[in-house]
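Please look over the sequence and the model below before reading on. The paragraphs that follow take up a pocket and then the helices around it.

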Amino acid sequence: MSGTSPATGTETGSGTGTAVTVEQTASEQVPERREFGTGLLHTVVTGDPDRGYTWVRRPGPLSPAPFAAPGLDPAVPHGPAAPDAPDAQAPAGAVRWAAGTETAEPGGRRYRVRGPESVARRLLHHGPDEDLVAVLEGVGRLLRTLHETPVPQDLAGGPQTRPRGLVRFTDWLAGRAASPRAAYAESRLRPRLGETRMAALHALCARIADEPDPVLCHGAPALGSLVPAVPSGGADLLIGEDLCLAPWYFDLGWILGELVELKWYRGDGHPAWPRLLDALFQGYGRDLGDEWGRLAALRVLLHLHDYTAYVGWDEKTFEKYTGFAMFLLDL
């Protein structure tokens, strides 16, 4: 395996926390078809600016769990949903839900959106900009609306209530990883992080799983699921695959972790990076307080797990990402 790292994929954090290693592009300027994925998640993007874009996503061949039941999507508060018309524009910063429909082949989801690439890809290759500051504020507002929505009865009484990403992570820490590569990484994680940091991770996971008053959560509001509208005007946020019950801070911690990771990976000091986070919290109306470092570390380490389990093992990647997680846990 070459010395690549999770953040070098073109769609970092694409929906379920996995780095992407495969991409096929028909045209660099107007991609009519792009296909990328790992063992966890597979995505095909087709379309053009005139007709709009279709994203089809399905669990990868090694995914440990299917998407959340599609019947829960109507529980997402509408307002506004992504339009079918590709030329429909929204005010700057307006973010809309894009709830998927089932594909003909069971297990997949089809989304109609207004753009060909994700915010993750844009940040990775170009860094932050002021347009994305407005978009992140819109994401904060949208998540606050979701979290204030009454929990649907089907979800409250169903077996799939915990975030799929949290289940992967806690299984990994508990030595139940299905992937031999991930199991090997776990065997090295404890001596690398030390007992105190591992205890902090276990405590955070337990607190998330045992939240006595959880809210309806997106479950994986990844930057790879956030699609800016082209040529301009807001964005669409894919939702439905990971709908779950969790504390409000789980969704915000997911986005925080990805932004922190991308800034760290790129190593640039663009002043818009902190403004992205400020805008997210301003839109939501609340920040993460002193917990932000641990929540970011959880997301970074889940990304490391997903890369190791569904892409491949790389020594330098393990050392680099665990070192960054140690820094975050010690804040």
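What volume does the largest pocket have? In this model, which is predicted, the largest pocket has a volume of about 330 Å³. Of the 22 residues that line the largest pocket, those closest to its centre are Pro-64, Ala-65, Val-167, Arg-168 and Asp-171. By class, the lining of the largest pocket comprises twelve nonpolar, five polar and five charged residues. Helix α4, which spans residues 164-173, and helix α9 each contribute at least two residues to this lining, and the largest share, five residues, is supplied by α4.

The axis of α4 and that of helix α6 (residues 195-209) come within 11 Å of each other and cross at roughly 140°, which makes α4 oblique to α6. In this arrangement α4 passes α6 in a left-handed crossing. On the α4 side the contact is made by Leu-166, Phe-169, Thr-170 and Leu-173, while α6 brings Met-198, Leu-201, His-202, Cys-205, Ile-208 and Ala-209. Sorted by class, the residues of the contact of α4 with α6 are eight nonpolar and two polar, with no charged residue.

Helix α6 also leads on to α9. The axes of α6 and α9 come within 10 Å and cross at roughly 95°, and because of this angle the two helices are roughly perpendicular to each other. Here Ala-200, Leu-201, Leu-204, Cys-205 and Ile-208 in α6 meet Arg-294, Leu-295, Leu-298 and Leu-301 in α9. The contact of α6 with α9 divides into eight nonpolar residues, no polar residue and one charged residue.

Helix α9 (residues 292-310) packs against helix α10 (residues 315-329) at an angle of about 165°, with the axes 8 Å apart. The two helices are therefore roughly antiparallel to each other, and α9 passes α10 in a left-handed crossing. In α9, the residues Trp-292, Gly-293, Arg-294, Ala-296, Ala-297, Val-300, Leu-301, Leu-304 and Tyr-307 meet Thr-317, Phe-318, Tyr-321, Thr-322, Phe-324, Ala-325, Leu-328 and Leu-329 in α10. The contact of α9 with α10 holds 13 nonpolar, three polar and one charged residues.

Key: Residues numbered from 1 in each chain as written. Predicted model: local features only at pLDDT ≥ 70, side-chain atom pairs only at ≥ 80, totals over all residues. Heavy atoms only, no water. Axes fitted to C-alpha atoms, helices over the stretch in contact; angles between N-to-C directions. Helix = DSSP H or I, 4+ residues; strand = E, 2+ residues; numbered from the N terminus. Parallel < 35°, antiparallel > 145°, perpendicular 65-115°, else oblique. Left-handed = near helix turned anticlockwise from the far one by under 90°. Contact = heavy atoms within 4.5 Å. Nonpolar A, V, L, I, M, F, W, Y, C, P; charged D, E, K, R; others polar. 1 Å grid on protein atoms, 1.4 Å probe; cavity = no way out; pocket = protein on both sides within 12 Å on 5 of 7 lines; lining within 4 Å. Points joined across faces, edges and corners; volume = space filled by probe spheres on them.
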